[in-house]
Structures are given as C-alpha cells and as structure tokens.
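This report covers a pocket and a helix pair. Please read it alongside the model.

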Amino acid sequence: MIDDDVRRLERLREADHDAEVTLSRVRVRHGTADEACRAFVAALDVRDFIYRGHEQHGGSQHATGLFEHRLTGLSFALIRGGRYSMGSPLGEWPMTVEEEGPTRLVTIGALLVCQTACTQTAWERVMGNRVSQFDGPHLPVEGVSWHDAQEFCSKAGLRLPSEAEWEFACRAETTTAFCFGPTITPGQANVIGSFRECDCAGECEGECECDCVGSCKCPRRDRTVDVYSFQPNGFGLFNIHGNVLEWCQDEYQIGYQGAPCDGSPWEGHGSGRRVARGGSWVSSASDCRSASRWAGRAGHQGNYLGFRPVHSIMA
C-alpha cells in the first residue's frame, strides 16, 4: 500500500493547497518505492519532469526516484530532506576552523538534484552556443561563470543549490571526508593524486600521487571526463568529487559563524565572490572533500568551473 503521507499529499493537491511539501514526510518503504514516487509526482504535478523509476545506490537505506527534466534532458534524483552536520569535523586534515567550520546542524528540505554536472548537450539545448574547451556531448559544460550558470537556470526553470544543500547531497548520509569514505583515489574520481592513510611517516601529509606499485594505474587525466564516470554516491549523484567545480548560490564568507541553519543560501555580504564546491580535475584530492570550499568572482570563467542544477519541490 502507498504510505498515508502520500495520500495526504494527494488530498492537499485536490484541495489546491499551496504550502511547501518536503519529501521527508513521505516514507518510501521497502517494496513500495516505485508506487510511492508515482503517487508523489501525481500529488505535486511536476509538469517539468518525467518520472523514470527508482534505483538503490551505495549504502543508502532508501530508493532514489529518478526524473528526466523535459527541457534539458538532464536526469534528476529525488533527495529526501533531513538534518546533518555541515562542515569539517575537528581533525579532518587539512581543514581549518576558519574556512570549513564551525560545524553546525542544518535542516534541508527535499529537492530534485541533477545526477550529474550540467552537460554540454543540455547547455547547447538551452543556451544555443558552445563555451567549453573540452568538446563532447557527455562531458560537463565548463568555462562558465556564476552569472552564466544563473542565466541557464533561469531559462530552464531550475536554480543553483545553496552551499548547505550541495554538501547534504554530496555527503549522502555520510560523515567521512568523502562520500565514499575517509579516502579517495583517481580510480574513484577525476582528481589529482590520492587522499589516503599511508606509511610515508607524515611526509606527504596524507596525500600521495597514487596507490599504485610499479606500473602506475592512476595517471593524471588533465581534462574533464564523462559525467557518468565512476560510481555514484548513495543518492545516485555522479562525479560529486572532482571533474568540475560546481557553483552554488551562496556569496562567499569565511567560515560559518552566523550562517543560516535552514538550508537557505547565505548572501548579502557584498564580497562579490561566490562559492563553488567539489573540486575539479585540476584539484588535489584533499581539495575535493565533501566539506572543502572554493570561492571566486561571480564573473570568473575557467575550464574547471561548471554547475549542478537543482529544482525545488513545491506543492
């Protein structure tokens, strides 16, 4: 049977209720995920999306509903709302309290998050031009500024995630340095070098060129790769670490002192700099951690800058 909360959403729609609805109130139980997702779509009348089924990823306890965005053709994952600790815990090298702390509990509402960074195909479909240095339909669009990403999202009926939403989606219910665990290698993401426990007596400070012995199996790629490369995280998101930095809505501020705890973007500082997350193909592995932050001018463009759009869930 479909959950009672899903039926409640259907009744709200019939009553033309205009309140925001968070999917955290919809309990998708074992064996009913597909039915519940269909009911959720019917209840919210998501006209811009086509429901494509659901999948189980990683160690997640929940099935992820997948939706195709009609205009762009991009695939989105339905992510439940929740509460998590944002920022780097003390002792996570090379975090600094000033930059990635203090940690705080943040509440996130449910939303649709693109499974990949925006592709060049989707960009050209919406914007009608080519801007990327590395050419390929399944490569992420890069060389885009924060303003460029905003223009795309406005035309497509999407938006950039807040920094808090991005980290929640990246972590996928994990608390380690990466969504895959405490370590990462070039075999798991398009990054430079590895971040791992090693026996270098601290000389490498946790970063080694690779895990290979003898013939190296993890060469530097020196470019972007297909957006569906590597394994997805527990929410079904691909290349959340590395490949291209992903612009967020937030204006940059050093640390989180005074930052909102409701998942909304933090703006109004007047710094002129915007946050991007996830690291890129030119980043060391440590700069691709779930909590790692990068900031640049809103007009800055580079072949390592892209974005991952999201869509709010409203009744």
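The lining of the largest pocket has five nonpolar, seven polar and four charged residues. Here Ala, Val, Leu, Ile, Met, Phe, Trp, Tyr, Cys and Pro count as nonpolar, Asp, Glu, Lys and Arg as charged, and the others, Gly among them, as polar. The model is predicted: local features need pLDDT of at least 70, side-chain atom pairs need 80 or more, and totals for chains, interfaces and linings use all residues. Residues are numbered from 1 along each chain as its sequence is written, and side-chain values use heavy atoms, without hydrogens or water.

The pocket holds about 250 Å³ of space. Of its 16 lining residues, Arg 83, Tyr 84, Ser 85, Glu 173 and Thr 174 are the closest to its centre. Strand E4 (82-86) and helix H6 (163-171) each supply at least two lining residues. E4 gives the largest share, three residues.

Helices H4 and H5 form the pair. Their axes come within 10 Å and cross at roughly 70 degrees. That makes H4 roughly perpendicular to H5 (65 to 115 degrees). The crossing is left-handed. Contact means heavy atoms within 4.5 Å; the residues that make it are tabulated below.

| Helix | Residues | Contact residues |
|---|---|---|
| H4 | 120-127 | Ala 122, Trp 123, Val 126, Met 127 |
| H5 | 146-156 | Asp 148, Glu 151, Phe 152, Lys 155, Ala 156 |

By class, this contact has six nonpolar, no polar and three charged residues.

Technical notes
Axes fitted to C-alpha atoms, helices over the stretch in contact; angles between N-to-C directions. Helix = DSSP H or I, 4+ residues; strand = E, 2+ residues; numbered from the N terminus. Parallel < 35°, antiparallel > 145°, perpendicular 65-115°, else oblique. Left-handed = near helix turned anticlockwise from the far one by under 90°. 1 Å grid on protein atoms, 1.4 Å probe; cavity = no way out; pocket = protein on both sides within 12 Å on 5 of 7 lines; lining within 4 Å. Points joined across faces, edges and corners; volume = space filled by probe spheres on them.
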